[in-house]
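Could you walk me through this structure in the viewer, one selection at a time? I would like to know what to pick next and what is there.

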Amino acid sequence: MKFAASLFTLVLVAQSASAHYIFKTLLAGSKSSTAAVREPQSVEPMHDITSTDVRCNVNPSPATETVTVAPGEKIGFQLSTFMYHQGPVAIYLGKAPGSAAAWDGSGKNWFKIAEWGATSYNPIKFSSYQKNEFTTIVPDNVPPGEYLVRIENLALHLGTGVPEIFVSCAQVKITGSGSGNPSKVSIPGYIAANDPNLTANIYNGLTSFTVPGPTVWRS
């Protein structure tokens, strides 16, 4: 039994090390762009949901483009590989006070526009599993302006209560005349460190799961 448990742990560690990834490409309308993405320096995940690094990753490379996209058009990201870790994915928009290129993501400016959660239980499976593109539609009533669009994967495959957090941000300019006023959150601060859905052991017979963070805004 000890040998089996040790082997299982080694398999998890090996899978964790070999299956890391980056959200590398922005998909916006009919355009794809790597230049608009503030690319992470490493495929290695973060672990502290209270760190300012969870806004847009650890010292990402500056983006050199801001892509224009309209309400009703596609927006999202493509991964550098397929998602091999079980866990939720979410897409957020954060309205920049001025230009997206000059904004560090601070302040209560963020709202969630899409999420991919659990689809079945015992064993749990997430709709994000084995996907390599995550896209949604820019809500019709989003106010125009420059935004950071942010994607996160809270990978829970280790079963230790400590997530692996994968994040990328990209720069976009949303057109139109929307006047919506979604409730906004700060990042960090949007998810508590002790959120039970962040620290969950997904191998422990879960029968329900709520994607951490605010509810999705689509109005």
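This is a predicted model: local features need pLDDT of at least 70, side-chain atom pairs count only at pLDDT 80 or more; totals for chains, interfaces and linings use all residues.

**Stop 1: the disulfide.** Start by selecting Cys 56 and Cys 169, which are joined by a disulfide with an S to S distance of 2.1 Å. The count for this model is 1 disulfide. Cys 56 sits in the loop between β3 (37-38) and β4 (67-69), while Cys 169 belongs to strand β12 (residues 164-174), so the link ties together distant parts of the chain, 113 residues apart. Now look along the S-S bond: the torsion there is about -85°, so this disulfide is left-handed. Are the two cysteines buried or exposed? Cys 56 has 5% relative accessibility and counts as buried, and Cys 169, at 0%, is buried too; the cut-off for buried is under 20%.

**Stop 2: strand β11 and its partners.** Next, select residues 145-155, which form strand β11. Of its 11 residues, 10 are buried, so the strand is mostly covered by the under 20% criterion. On one pairing, β11 runs antiparallel to strand β6 (residues 89-95), with 7 bridges between them. To see an example, show Tyr 92, which stands opposite Arg 150 of β11. Strand β11 also pairs with β12, again antiparallel, through 11 bridges. Here, pick Leu 154 and you will find its bridge partner, Ile 165, in β12. While the strands are on screen, keep in mind that side chains in a regular strand alternate between the two faces of the sheet.

**Stop 3: the largest cavity.** How many cavities of 30 Å³ or more are there? The count is 2. The largest holds about 50 Å³ of space. To outline it, select Tyr 21, Ile 22, Phe 23, Pro 40, Ser 42, Val 43, Glu 44, Asn 57, Phe 166, Val 167 and Ser 168. Which element gives the most to this lining? That is β12, with 3 residues. Colour the lining by class and you get 7 nonpolar, 3 polar and 1 charged residues.

**Stop 4: the second largest cavity.** Finally, move to the second largest cavity, with about 30 Å³ of space. Its lining is made of Leu 156, Gly 159, Thr 160, Gly 161, Val 162, Pro 163, Leu 198 and Ala 200. By class, this lining has 5 nonpolar and 3 polar residues, and no charged ones.

Key. Residues are numbered from 1 along each chain as its sequence is written. Side-chain values use heavy atoms; hydrogens and water are left out. A disulfide is a pair of cysteine sulfur atoms within 2.5 Å. Helices (H or I, at least four residues) and strands (E, at least two) are DSSP runs, numbered from the N terminus. Buried means under 20% relative accessible area, exposed over 50%, partly exposed in between (1.4 Å probe, protein chains only). Two strands pair if DSSP finds at least two bridges between them. On a 1 Å grid over the protein atoms alone, a cavity is a set of points where a 1.4 Å probe fits but cannot get out, and a pocket is an open set with protein on both sides within 12 Å along at least five of seven lines; lining residues have an atom within 4 Å of a point. Grid points are joined across faces, edges and corners, and a volume is the space filled by probe spheres set on the points. Ala, Val, Leu, Ile, Met, Phe, Trp, Tyr, Cys and Pro count as nonpolar, Asp, Glu, Lys and Arg as charged, and the others, Gly among them, as polar.
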